[in-house]
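Let's take a walk through this protein, starting with the whole chain and then going into its spaces. Keep the structure open beside you as you read.

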Amino acid sequence: MTQEELFYSIFENIPRQGPGTKASTLKAFSAIKTLPQDAQILDIGCGKGVQTFDLAEIINRDPIFRKDRIPVPNITITAIDNHPFFIEFLNTKATKLGLNNRVKGMEGDMNNLPFAENQFNLIWAEGSIFITGFENGLKNWAKFLKYDGYMVVSEAAWFHNNPPDEIKEFWNAVYPDIISMEEQQKLIETCGYRIIDSFQLPKEGWLDEYYAFMEPLLESARNEYGNEPELAGLLNVLQTEIDMYKKYGDYYGYAFYVMKKK
């Protein structure tokens, strides 16, 4: 087994592919007040689509998108990810739920999105913008938004100044582009957006919804592959991430931003 195969064997078998909660998805979406009833939504880096289906459920029950309590059929959510397993899983689930006319997964690269300019009313990216880079994503994805479109992202951020050296060194190794929420907010404005709402993802989004599912798989994989240096190295990196959050989760986490294109 390669490192990549082991990585995906873990992430394919946990509900979420990054920290998050249904309540946080709902909170972010509730800050958006002006989407049309034929809105097109793009979920970038969707993984298995936990937040995709949370959005579909919210839209289905939200009075803004209902006429005489009948779900409005014209809202569409396009969910994109570069891993075929996630897209197959998402599309199968959409069919089982009877949502395949409203929710569609497609394989693709967030750095080269195959969409028209000004196509979407809302771009959603929970825990995925780091892959392309926070500033890069804000700038490059803007062209796919309509003039008054919204973007919602969650991104790793420092919550306090001067964090302990141990956690600073960890983040400098795994994601040196992490900055404070204050710096992120300035960057959002510089990139041409107006912030509608911002908040911190609660700790349960990391511990209960993400790491609680990952950690047993790491232990199982360690029993099987612990004697293979490359595979053990990957498992150690993932375990260290969990240990660091348990120890220093007050100092950093995901910041949610709801923003509108200026």
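## The chain as a whole

Count up the secondary structure of the protein chain and you get nine helices and ten strands. This is a predicted model, so every value here is computed from it. The radius of gyration of the chain is 19 Å, close to the 18 Å that the globule rule gives for 262 residues, so the chain is as compact as a globular protein of that length.

How much of the chain is tucked away? Of its 262 residues, 50% count as buried, where buried means under 20% relative accessible area. Now look at who touches whom. Take the contacts between residues at least 6 apart in sequence: 81% of them join residues at least 24 apart.

For a local view of burial, turn to helix α2, which covers residues 22-30. Its buried residues are Ser 24, Thr 25, Ala 28 and Phe 29. Look down the axis of α2 and these buried residues fall within an arc of 130°, so they line one face of the helix.

Next, the open space. The largest pocket holds about 1000 Å³. Its lining is made up of 43 residues, and the closest to the pocket centre are Phe 7, Gln 17, Gly 127, Phe 130 and Ile 131. Which parts of the fold contribute to that lining? Helices α1 (3-11), α3 (50-61), α6 (165-174), α8 (204-225) and α9 (229-248) each supply at least two residues, and so do strands β4 (76-81) and β10 (252-261). The most comes from α9, which gives four residues to the lining. Sort the pocket lining by class and you find 26 nonpolar, twelve polar and five charged residues.

Which residues line the largest cavity? They are Ala 56, Ile 59, Ile 75, Ile 77, Arg 102 and Val 103. Split by class, that lining has five nonpolar residues, no polar ones and one charged.

Technical notes: Residues are numbered from 1 along each chain as its sequence is written. This is a predicted model: local features need pLDDT of at least 70, side-chain atom pairs count only at pLDDT 80 or more; totals for chains, interfaces and linings use all residues. Side-chain values use heavy atoms; hydrogens and water are left out. Buried means under 20% relative accessible area, exposed over 50%, partly exposed in between (1.4 Å probe, protein chains only). The arc is that of the directions from the helix axis to the C-beta atoms. On a 1 Å grid over the protein atoms alone, a cavity is a set of points where a 1.4 Å probe fits but cannot get out, and a pocket is an open set with protein on both sides within 12 Å along at least five of seven lines; lining residues have an atom within 4 Å of a point. Ala, Val, Leu, Ile, Met, Phe, Trp, Tyr, Cys and Pro count as nonpolar, Asp, Glu, Lys and Arg as charged, and the others, Gly among them, as polar. The radius of gyration is taken over C-alpha atoms; the globule rule is 2.2 Å times the number of residues to the power 0.38. Contact means heavy atoms within 4.5 Å. Grid points are joined across faces, edges and corners, and a volume is the space filled by probe spheres set on the points.
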